[in-house]
Amino acid sequence: MRIPGALLRHSAGRIGLVIIGVLTVAAVLGLLGLTPHDPLAQDRLARLQPPGGSYLMGTDLFGRDILSRLMVGVGQSFTVAFLSVGIAATVGTVLGLTAAWFGGLWDGVAMRMMDVLLAFPAILLALLIVAILEAGMATSVLAIAVVYTPIFTRVARGPALSLKTRSFVDAARTFGSSRRYILTRHLLGDLVAPLTVQFTLALAWALLTEAALSFLGLGTQPPNPSLGLMLSDSRNLMEMAPWMLIFPAAVIMLAVLGFNLLGDALRDIADPRSRRALS
Amino acid sequence: MTLLTVRDLRVGFGRPGHETEVVQGVDLDLAAGETLAIVGESGSGKSVTAMSINRLVDYSGGRILGGSILLDGTTDLATASEARMQNLRGGEIGMIFQEPMTSLNPVLKIGTQIGEIFAKRRGLSGRAVRQAAIRALERVRIPDAARRLDQAPHQMSGGMLQRIMIAMAFAGEPRLLIADEPTTALDVTIQAQILALLAEMKRETGMGLIFITHDIGLVAGIADRVVVMQGGRAVESGTADDVFDRPAHDYTRHLLSAVPHFRGGRSARVNAVRSEGAKATLRVENLGVRFSVGGGFLRQAKGYVHAVEGVSFDLVPGETLGIVGESGSGKSTTARAILDLVRPTAGRVEGAEGRAVQMVFQNPNASLNPRMDVRALLSEPVIAAGRRVDTEALDRMRMLLDKVDLPQDALARYPHEFSGGQRQRICIARALMPNPRVLVLDEAVSALDVSVQAKVLDLLIDLQRDFGLAYLFVSHDMAVVERIAHRIAVIYAGRIVEIGAARSVLSDPCHPYTRKLIAAVPSIERRHVDFALDTDEVPSTLRPDGWQAPPQSWRDHGPDHRVAVEPAA
């Protein structure tokens, strides 16, 4: 494959790949239950232990292992982020492509709906959706998906509008290609690069939104661990047990940084003007 | 008196020390009041040579590696300082480019853009600037100059914009004007206007003119001296009569003979098919296409552009009908309506059912998806027909690649690995995949270099014979149409005004518009005939809602030659 090789040659891409790689391994282990301790088990004798000994990142107020909880929390956050961005990318791309292709009334209605969604701050819109439905992981996925759909719609619609007027689309119509063939082969094919970049960047935002929802108690529900909940728990113990704050905050920061570096690197690779400079 | 002397000019592009030499030792001589034509195909180094004279080449990554460019025998422009060059550019050395649309700033009024030059070059201000600008526009024969100054570029036609570019170049009172393909983007009648204007301006001011072109026939009428360039070298140079009548170099002879030149119908193909009473394979009756203007969602249209109005013709197998006209005449819309790429609003098309009619587009770069290899490109019509790409389909691909003179290993290669001419061959092969009866060729050779044009035309003629194809050949280029068409339809403002056997239409045009069109085509044979400066513009086809086209009446002029009778005005 060309893209992974190019990512490894891109210095920022390499760093992003390493960060996301390490976090993904931790997340998978966490989801499989392969953590050093049971993330829910309370050790009453080891409450608020600083990092060290058998608790590498210390323990929280109930004596639960921070490292184990972080691994499960990252797994939780990554699952929500990938699911929600996956839905947003699919729905947004389909909407954007069809809006560009059919134009007219459909384009007007679809794009004005997206404008309305974009007009709300992301977190406010997510809060609204969670408030209507029941808080929980599935609701978080839905809320974040709705928030980020308009971005994918726009990313797909713009280039599709110009691709649609290219002669090779006219040519395909002259020999009777089906609409589905033209939309997937000629339009979607050329959109893969910008959509991949957008997908990676949206993962970073989705992760942040998920953490914020959980922090506000509207995402993952206790006692299940999540990055936002762990931050929320650490609030009042910040001075006594700073490790409770530092580790989850660092993980969120690293994950957002990692996805952004990866997204920037993919953008450089996808842009033919900078591709020459890289090789 | 010698105005410009270029000796052993060498220009390179690339990293210092590793330059690719694009111009490899060119000599030019130009006297005041003379026109020097530099003729060559893309990649010949003709534009780079010209851009070296005013050193614009410095800004496109090139460098002068050697030689001298003497202005008045004293100033060496090859080594002059940038400050000196800035003073010369737009002053003593003017330049006009191919695309007037992109050479003017679209958001500034014409008056502001011309005024800027007078303010800078002559130190004028206020009313004096405006007066000078009006005079400059009048000098390039722009009617109603005062009103034009307050307009933006998009409100004017391409020909008028090019005249404005010329006016701007003359604002600095140049002694040397470099014109780089100044008419290539323009219609043939507008091209004639610009050529006549340049010739008159040269007479008035006594300047020297360097005219760069790919079309040797074009400069026949205006050049005093001709330099033919190929691969970075001047392969022939001499007086116009010497080069045209006694070409010494093989490449010059090739340009003069192999490349399509307009010969007033004498090179036209003779139509044997139609006379034998063959049955029509495509019949178009009263075709009409309208586009609404100013309308939209819940808004009433302000009017309709009648792009095509009452167009009728038929095609028999093995025959080529050339459709000629200028931009905006509706010739491409006619072609697209036959393939249902634009929806006809009136009339009938018989014989275009299924995949019987296929199309080849103007720009082979844009009509091949760059992400697909040739095999995937040629598979597109197969997949579109709901069939699988099996051995039979692959056999047909190989057969067609062979027919269009492409190697068998082309299947695994991508469009960017081919030259422009080869890419157009891929497009032709793709169009032939569904085994069509009719091929619509919309400016199919216009984007190609002149010598490649000739080869693709020969290929098309061979394919027509082998497959019994009927061609609808849409083009603005009379010389190309003369080579390939049996019959010609002249289209003007959306309607056919003259149709018939190619030889008859080209040698004996009857409709006033056809006459004007044919008179404007530059040709080597007619090079001593002066072009009249005529500044007519094509009428608008925008009509109010409910407008009905007046019926056309026709008169016969020979066995296969009909002319629309214009109502007395």
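Good morning. I begin with A:R154, which is partly exposed, its relative accessibility being 44%. Please keep in mind throughout that this is a predicted model.

Which residue does the side chain of A:R154 meet in a salt bridge? The partner is A:D115, and the N to O distance is 2.8 Å. The two residues belong to distant parts of chain A: A:D115 sits in helix α4, residues 104–119, while A:R154 sits in helix α6, residues 137–164, and 39 residues separate them. A:D115 is also partly exposed, with 27% relative accessibility.

Let me turn to chain B. Here the side chains of B:R348 and B:E350 form a salt bridge, at 2.6 Å from N to O. Both count as partly exposed: B:R348 has 47% relative accessibility, and B:E350 has a relative accessible area of 33%.

My next example is the salt bridge between B:R425 and B:D405, whose closest N and O atoms are 3.8 Å apart. What does this pair tie together? B:R425 is part of helix α16, residues 420–432, and B:D405 is part of the loop between α15 (391–403) and α16, so the bridge connects parts of chain B that are 20 residues apart in sequence. Is B:R425 buried or exposed? With a relative accessible area of 11%, which is under 20%, B:R425 is buried. B:D405, by contrast, is exposed at 57%, a value over 50%.

Finally, I return to chain A. Through salt bridges with shared partners, A:R112, A:D115 and A:R154 are joined into one network. Thank you.

Terms used. Residues are numbered from 1 along each chain as its sequence is written. Chains are lettered from A and ligands numbered from 1 in the order in which they are written. This is a predicted model: local features need pLDDT of at least 70, side-chain atom pairs count only at pLDDT 80 or more; totals for chains, interfaces and linings use all residues. Side-chain values use heavy atoms; hydrogens and water are left out. A salt bridge is a side-chain nitrogen of Lys or Arg within 4 Å of a carboxyl oxygen of Asp or Glu. Helices (H or I, at least four residues) and strands (E, at least two) are DSSP runs, numbered from the N terminus. Buried means under 20% relative accessible area, exposed over 50%, partly exposed in between (1.4 Å probe, protein chains only).
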